[in-house]
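New notebook page, new structure. I'll jot down what I look up, in the order I look it up.

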Amino acid sequence: MSATQSRDAKESRWRTVLEHPFFRGGREERVAPILSTALPRMVPAGTLINLPGSNGPALHLVLSGLLRSYLLSSEGRELLLEIIGPGGMDGFLTAAGLPGHFTETVHDSLVASFSRDMLKRLIET
């Protein structure tokens with residue numbers, strides 16, 4: 001792959017993120033420099049992308065596939081909170097600095113994840 005093809009592929013991936021409903025109505029020229037560093041990734045089914053109390057990415061935008069968020073009871077049973085499909089998002093609690101919940105991919109899923117620092121930069125633009 002040439003340098004031009006690589007650059008075009010990268011731009012195409014972040015444009016996919018820009019088309020997510022979370023950015024609807026946003027000014028592309030203001031957020032594009034930040035989004036260009038948030039490349040979506042294909043996450044295999046059954047992968048935990050969020051754990052309560054983790055310091056990982058705070059917000060996950062679902063571009064394709066399916067996620068499920070849940071808590072565990074004191075007896076170890078899963079308490080389903082939400083099924084999140086394309087156009088959905090997860091991680092507001094984590095973004096706010098709260099413990100959050102478990103989030104797992106149900107199917108292979110294309111997900112764009114944002115750290116708290118990246119979210120702060122987006123809000124400030």
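What follows are my entries, going from the whole chain down to single side chains.

**Entry 1: the overall plan**

I note before anything else that this is a predicted model. I counted the elements and got four helices and eight strands in the protein chain. Reading along the sequence, I wrote down the pattern α-α-β-β-β-β-β-β-α-β-β-α. I also looked up burial: the protein chain has 125 residues, and 34% of them count as buried.

In what order do the four strands of the open sheet lie? I read it off as 2-7-4-5, with antiparallel pairing. Strand 2 (48-50) and strand 5 (78-84) are the edge strands, each pairing on one side only. From one strand to the next, the twist averages 30°. A reminder to myself: strands of a sheet pair through backbone hydrogen bonds, and the pairing can be parallel or antiparallel.

**Entry 2: the neighbours of strand 7**

I went through the pairings of strand 7 one by one. Strand 4 (residues 67-72) is joined to strand 7 (residues 102-105) by four bridges, and the two run antiparallel. With strand 2, strand 7 pairs over two bridges, again in the antiparallel sense.

Then I looked for who faces whom. Thr103 in strand 7 has Ser69 opposite. Phe102 in strand 7 is the bridge partner of Tyr70.

Are the faces of strand 7 covered or open? Both are covered: Phe102 and Glu104 sit on one side, Thr103 and Thr105 on the other, and all of them are buried. That sent me back to a rule I keep handy: in a regular strand, side chains alternate between the two faces of the sheet.

**Entry 3: an aromatic pair**

I searched for aromatic pairs and the count came to one. The pair is Tyr70 with Phe102, and it is stacked, at 5.2 Å centre to centre with 10° between the planes. It links distant parts of the chain, as Tyr70 is in strand 4 and Phe102 in strand 7, 32 residues apart.

**Entry 4: salt bridges**

How many salt bridges does a search of the whole structure find? It finds three. I keep in mind that side chains of opposite charge can pair when their charged atoms come close.

I started with Arg68. Arg68 forms a salt bridge with Glu78, and the closest N and O atoms are 2.5 Å apart. Arg68 is in strand 4 and Glu78 in strand 5, so I logged a link between distant parts of the chain, 10 residues apart. Arg68 also meets Glu104 in a salt bridge, at 2.8 Å from N to O. Because Arg68 lies in strand 4 and Glu104 in strand 7, this pair ties together parts that are 36 residues apart in sequence. Put together, Arg68, Glu78 and Glu104 are linked in a network of salt bridges.

Glu78 counts as partly exposed because its relative accessibility is 43%. Glu104 has a relative accessible area of 14%, so I marked it as buried.

Another salt bridge joins the side chains of Glu75 and Arg77, at 3.8 Å from N to O. Glu75 counts as exposed, with 57% relative accessibility. Arg77 is exposed too, at 55%.

**Entry 5: a look at the surface**

Which residues form a nonpolar patch on the surface? I found Leu71, Leu79 and Leu81, with about 240 Å² of accessible area together. Leu71 has its place in strand 4. At 33% relative accessibility, Leu71 counts as partly exposed.

**Entry 6: one last residue**

I finished with Met42, which lies in strand 1 (residues 41-43). Its relative accessible area is 53%, and that makes Met42 exposed, because the cut-off for exposed is over 50%.

Conventions: Residues are numbered from 1 along each chain as its sequence is written. This is a predicted model: local features need pLDDT of at least 70, side-chain atom pairs count only at pLDDT 80 or more; totals for chains, interfaces and linings use all residues. Side-chain values use heavy atoms; hydrogens and water are left out. Two strands pair if DSSP finds at least two bridges between them. Axes are lines fitted to C-alpha atoms, for helices over the stretch in contact, and angles run from 0 to 180 degrees between N-to-C directions. Patches are made of residues with over 30% relative accessible area and no salt bridge: like charges are joined within 9 Å, nonpolar side chains (Val, Leu, Ile, Met, Phe, Trp, Tyr) within 5 Å. Accessible areas come from the Shrake-Rupley method with a 1.4 Å probe; for residues, only the protein chains shown count as cover. A salt bridge is a side-chain nitrogen of Lys or Arg within 4 Å of a carboxyl oxygen of Asp or Glu. Buried means under 20% relative accessible area, exposed over 50%, partly exposed in between (1.4 Å probe, protein chains only). Rings of Phe, Tyr and Trp (its six-membered ring) pair if their centres lie within 6.5 Å; planes under 30 degrees apart count as stacked, over 60 as edge-to-face and the rest as tilted.
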